[in-house]
Amino acid sequence: MATSLEVRGVSLRFGGVRALTDVSFAINEGELFSIIGPNGAGKTSIVNCISGRYKPTEGQLFYQGRDITGLTPNARPKLGIGRTFQNLALFHHMSVLDNIMVGRHHLLKNNFLTGSLYWLTGARKEELVHRRKVEEIIDFLDLQSVRKAQAGTLSYGLRKRVELARAMALEPRLILLDEPMAGMNFEEKEDMARYIVDLNEEFGMTVVMIEHDMGVVMDISHRVMVLDFGRKIADGDPAAVLADPHVRRAYLGEEDEALVDPDDAPSVQESAA
Ligand SMILES: Nc1ncnc2c1ncn2[C@@H]1O[C@H](COP(=O)(O)OP(=O)(O)OP(=O)(O)O)[C@@H](O)[C@H]1O
Ligand SMILES: [Mg+2]
């Protein structure tokens with residue numbers, strides 16, 4: 001299987017704070033890979049290193065075999081790496097449609113100047129292609145009924161979905177999702193989980209997802225990595241990872257409580273007992 005992303009010995013420091021220490025892992029093309037860990041474990045930091053927002057203090061990152069460690073965040077979309085943010089980053093006064101169009105910005109060949117030669121150049125045709133692609137994503141994420149609505153007026157769950165739409169609009173091969181279900185109710189979470197599985201399976205996007213909801217992580221991930229105090233403490237099959245005593249300690253201290261609700265994962269409970 002081809003490797004999508006390889007993270008090799010990445011450390012990240014902010015002054016005295018060690019956000020990440022010697023983290024290594026690799027993700028295969030087509031994989032749905034989840035990153036879990038307690039608050040402050042370094043999950044967002046590693047995703048920010050992949051997206052180029054943070055530059056590792058040490059170590060390297062390779063995307064499709066190419067060293068991307070020193071590339072700027074703006075270079076990522078062109079390579080096919082897209083992302084959503086832990087805190088919503090939509091343009092609240094713009095329509096859903098326009099918010100999604102923003103996601104295609106880097107794909108626009110025609111800039112402002114050539115755009116003014118609208119009818120003479122290929123700009124009009126290009127715009128049609130973009131609109132069609134955006135409509136496809138709107139259909140896929142069931143956003144038809146709110147396409148003209150101002151993003152800021154939508155419910156939290158819908159806004160998270162619009163943000164996913166915008167990330168999808170740049171047609172990434174690798175998509176980074178930072179807590180796509182945070183703050184959602186049960187139904188919204190179920191919907192979002194289904195969209196993520198579908199964009200992985202139908203659109204063939206490789207997914208890196210940070211998520212706190214263990215039920216969802218167990219359900220949809222192909223593989224799970226656990227960070228704790230900036231270090232990787234486990235990486236593997238979801239059920240095996242959650243049964244790992246190290247992982248259970250990271251979440252529970254020394255207490256012998258259930259990590260996952262027994263109704264959600266009885267087999268993990270038994271094997272870890
Ligand atoms: N820009 C920054 N400046 C200083 N310290 C930072 C910065 N970003 C992250 N940190 C620190 O790095 C550590 C890891 O933070 P990070 O946001 O990656 O954790 P997380 O696992 O995403 O946590 P959460 O589950 O709360 O989102 C924390 O101690 C945090 O305070
Ligand atoms: Mg975070």
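Predicted model: local features only at pLDDT ≥ 70, side-chain atom pairs only at ≥ 80, totals over all residues.
User: With which residue does Arg-173 form a salt bridge?

Analyst: A salt bridge requires a side-chain nitrogen of Lys or Arg within 4 Å of a carboxyl oxygen of Asp or Glu. The partner of Arg-173 is Glu-29, and the closest N and O atoms are 3.4 Å apart. Arg-173 belongs to the loop between helix 6 and strand 7, and Glu-29 to the loop between strand 2 and strand 3, so the pair ties together parts that are 144 residues apart in sequence. Glu-29, at 21% relative accessibility, is likewise partly exposed. Helices (H or I, at least four residues) and strands (E, at least two) are DSSP runs, numbered from the N terminus.

User: How many salt bridges does the structure hold?

Analyst: The structure holds 11 salt bridges. One of them joins the side chains of Glu-135 and Arg-147 at 2.3 Å, N to O. Glu-135 lies in helix 5 (residues 123–140) and Arg-147 in the loop between helix 5 and helix 6, so this pair connects parts that are 12 residues apart in sequence. Glu-135 is partly exposed at 26%, and Arg-147 is partly exposed at 21%. Salt bridges also link Glu-31, Arg-223, Lys-232 and Asp-235 in a network.

User: How far apart in helix 7 are Arg-194 and Asp-191?

Analyst: They are 3 residues apart in helix 7, which means a separation of about one helical turn. The two residues form a salt bridge whose closest N and O atoms are 3.8 Å apart. Arg-194 is partly exposed at 41%, and Asp-191 is partly exposed at 26%.

User: Over the face of which residue does Arg-194 lie?

Analyst: A charge sits over a ring if NZ of Lys or CZ of Arg is within 6 Å of the ring centre and within 35 degrees of the ring normal. Arg-194 lies over the face of Tyr-195, at 5.1 Å from the ring centre.

User: Which residues form an aromatic cluster with Tyr-195?

Analyst: A pair of aromatic rings is described by the distance of the centres and the angle of the planes. Rings of Phe, Tyr and Trp (its six-membered ring) pair if their centres lie within 6.5 Å; planes under 30 degrees apart count as stacked, over 60 as edge-to-face and the rest as tilted. The cluster consists of Phe-140, Tyr-195 and Phe-203. A search of the whole structure finds 4 aromatic pairs.

User: What is the strand order in the open sheet of 6 strands?

Analyst: Two strands pair if DSSP finds at least two bridges between them. The order is 6-7-8-3-9-10, with mixed pairing. The edge strands, each pairing on one side only, are strand 6 (81–83) and strand 10 (231–236). Neighbouring strands of this sheet are turned by 15° against each other on average, direction ignored. Axes are lines fitted to C-alpha atoms, for helices over the stretch in contact, and angles run from 0 to 180 degrees between N-to-C directions. Strand 6 and strand 7 (residues 174–178) run parallel and are joined by 3 bridges; Ile-81 has Leu-174 as its bridge partner in strand 7. Helix 6 (residues 156–169) packs on the sheet, touching strand 6 and strand 7, and its direction makes about 155° with that of strand 7. Contact here means heavy atoms within 4.5 Å.

User: Is Asn-99 buried or exposed?

Analyst: Asn-99 is buried, with a relative accessible area of 0%. Asn-99 has its place in helix 3 (residues 96–102). Leaving aside neighbours within four places in sequence, the contacts of Asn-99 include Leu-90, Phe-91, Val-162 and Arg-166.

How values were computed: Residues numbered from 1 in each chain as written. Chains lettered and ligands numbered in written order. Heavy atoms only, no water. Buried < 20%, exposed > 50% of the residue type's maximum accessible area, 1.4 Å probe, protein only.
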